[in-house]
Amino acid sequence: MTGKIYSASTTAPVNIATLKYWGKRDTKLNLPTNSSISVTLSQDDLRTLTTASAADFFQSDKLWLDGKEESLEGPRLVACLSELRALRKALEDANPEFPPLSKYHLHIISENNFPTAAGLASSAAGFAALVRAIANLYDLHQSPEDLSRIARQGSGSACRSMFGGYVAWEMGQEADGSDSRAVQIATQEAWPDMKAAILVISASKKETSSTLGMQTTVNTSTLFKYRAEVVVPQRFKEMSKAIVNKDFETFGKLTMIDSNQFHAVCLDSSPPVFYMNDTSRLVIGLIEKFNKIHDRVVAAYTFDAGPNAVLYYLERDEPIVLGLLKAAVPEVDGWDKKSYTASIAPTVPEGVDKRILEALREGVSKIILTGVGSGPQSTEETLVDSNGLPK
Ligand SMILES: Nc1ncnc2c1ncn2[C@@H]1O[C@H](COP(=O)(O)OP(=O)(O)OP(=O)(O)O)[C@@H](O)[C@H]1O
Ligand SMILES: C[C@@](O)(CCOP(=O)(O)OP(=O)(O)O)CC(=O)O
């Protein structure tokens, strides 16, 4: 017997930090040791689509990710579901005519249009979509800031994917995490010409998870304390100001030095944690040289917990940045996704060693061209069929 299935679907974006979150002061609540900042990337290129559904005949909570059933027993998922259910329960208590969705089991179906667990921030988009979809299903009226506190418990960086544009995660001080949440620094419209090129250097699952890597750093790195207590608070103010002022020179410089410091504290951990590889380091060398030749910051690199490079640059510099990348990796997948790249000529600026470009060719498998984008969006597209199962 099947009864009514209630459902809601949303998409959610990936975000790539420009001031990195690395370290937890509370591992259960995902409370960070420092505030962080990120750019939300366009969902035209990278997105999670999640449908949350509830019905009185569902036998248990279930999650399907990219067509495969996954366990819902992990403490992070449990924390998100129980907080959302408690909010729905309060709404039902105040409005007895509402259907008792808080008592029904959930079927959650999700698809990422990019590789999962490959250092492309799938957990951020995934948990943001899960929280947003259930909040929509439950008709919750909490603000994105409030919901970001729940998404944070799924994966820290997920709290920043509750917003589009330029986003800060304020670390907060409270032991219960009530003030550790994401806020928007600037909308996508306020600084729309931010572009990003992702060089996929490896799309395989990483060796050391972010969760494990950052706890090794917190427990063993002596440089880490200085980063969290002295460097990041100052950098947070400078980067927020650079974003509001659309000052790419400062934004880009801070982005690069912060990525490098994050990887330095990883190296200062015991045992050391390595996320970048030789190709990643070639990208750093190339971009440093390129900026030097132009005598300004044209492109800024950043690397998360994996070897993939993300380059931020402004739209007006697209011809020279993509000209360089076309000279380096002309054959990789991804160029054909954007028709405007056909007219961009491969260009090697004088002073760039062609051997570096040739070496890069060996290590880069794909390019994703994207830019700043919006936050989660409700959609009519649904992943659930009339029996409450994945379509
Ligand atoms: N759409 C989704 N819905 C729910 N959970 C998801 C979704 N996508 C990813 N996840 C969860 O996130 C995990 C992957 O997170 P992980 O941190 O290992 O990789 P990543 O997010 O791609 O990389 P990084 O955070 O370093 O950029 C998956 O194993 C899954 O548990
Ligand atoms: C390097 C980072 O991407 C680390 C992200 O870590 P996660 O948010 O994936 O970690 P958990 O909270 O343990 O799920 C930097 C960042 O996104 O700020």
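**View 1. Proline 271 in the loop between helices H6 and H7 of the predicted model.** Helix H6 covers residues 248-267, and helix H7 covers residues 278-294. Proline 271 is found in the loop between these two helices. The peptide bond that leads from serine 270 into proline 271 is cis. Its omega is near -5 degrees. Most peptide bonds are trans.

**View 2. Alanine 121 in the loop between E9 and H2.** Alanine 121 is not a glycine, yet its phi is positive, near 60 degrees. Most residues other than glycine have a negative phi. Strand E9 spans 105-112 and helix H2 spans 122-137. Alanine 121 belongs to the loop between E9 and H2. Alanine 121 is also among the residues closest to ligand 1.

**View 3. Polar contacts of ligand 1.** Serine 110 places a polar side-chain atom 2.7 Å from a nitrogen atom of ligand 1. Alanine 121 takes part through its backbone: a polar atom there is 2.9 Å from an oxygen atom of the ligand. Serine 123 also uses a polar backbone atom, which lies 2.7 Å from an oxygen atom of ligand 1. On its own, ligand 1 has 640 Å² of accessible area, and the protein covers 82% of it.

**View 4. The shell around ligand 1.** How many residues surround ligand 1? There are 16, and the closest are Ser110, Ala121, Ser122, Ser123 and Lys206. By class, 6 are nonpolar, 9 are polar and 1 is charged. Strand E9 and helix H2 each supply at least two residues of this shell. H2 gives the largest share, 3 residues. Domain 1 (6-187 + 375-379) and domain 2 (194-371) each provide at least three shell residues. The space that ligand 1 takes is the largest pocket.

**View 5. Polar contacts of ligand 2.** Threonine 211 has a side-chain N or O atom 2.7 Å from an oxygen atom of ligand 2. For arginine 76, the distance from a side-chain N or O atom to an oxygen atom of the ligand is 2.9 Å. Aspartate 304 has a polar side-chain atom 3.4 Å from an oxygen atom of ligand 2. The protein covers 94% of the 470 Å² of accessible area that ligand 2 has on its own.

**View 6. The shell around ligand 2.** Ligand 2 has 18 residues around it. Tyr21, Lys24, Ser155, Ser157 and Thr211 come nearest. The shell divides into 6 nonpolar, 7 polar and 5 charged residues.

How values were computed:
Residues are numbered from 1 along each chain as its sequence is written. Chains are lettered from A and ligands numbered from 1 in the order in which they are written. This is a predicted model: local features need pLDDT of at least 70, side-chain atom pairs count only at pLDDT 80 or more; totals for chains, interfaces and linings use all residues. Side-chain values use heavy atoms; hydrogens and water are left out. A residue is near a molecule or strand if one of its heavy atoms lies within 4 Å of it. A polar contact is a pair of N or O atoms within 3.5 Å; within protein, one must be able to donate a hydrogen and the other to accept it, and residues adjacent in sequence count only if both atoms are side-chain atoms. Accessible areas come from the Shrake-Rupley method with a 1.4 Å probe; for residues, only the protein chains shown count as cover. On a 1 Å grid over the protein atoms alone, a cavity is a set of points where a 1.4 Å probe fits but cannot get out, and a pocket is an open set with protein on both sides within 12 Å along at least five of seven lines; lining residues have an atom within 4 Å of a point. A molecule sits in a cavity or pocket if more than half of its atoms lie within 2 Å of its grid points. Helices (H or I, at least four residues) and strands (E, at least two) are DSSP runs, numbered from the N terminus. Ala, Val, Leu, Ile, Met, Phe, Trp, Tyr, Cys and Pro count as nonpolar, Asp, Glu, Lys and Arg as charged, and the others, Gly among them, as polar. Domain bounds come from an automatic or database domain assignment.
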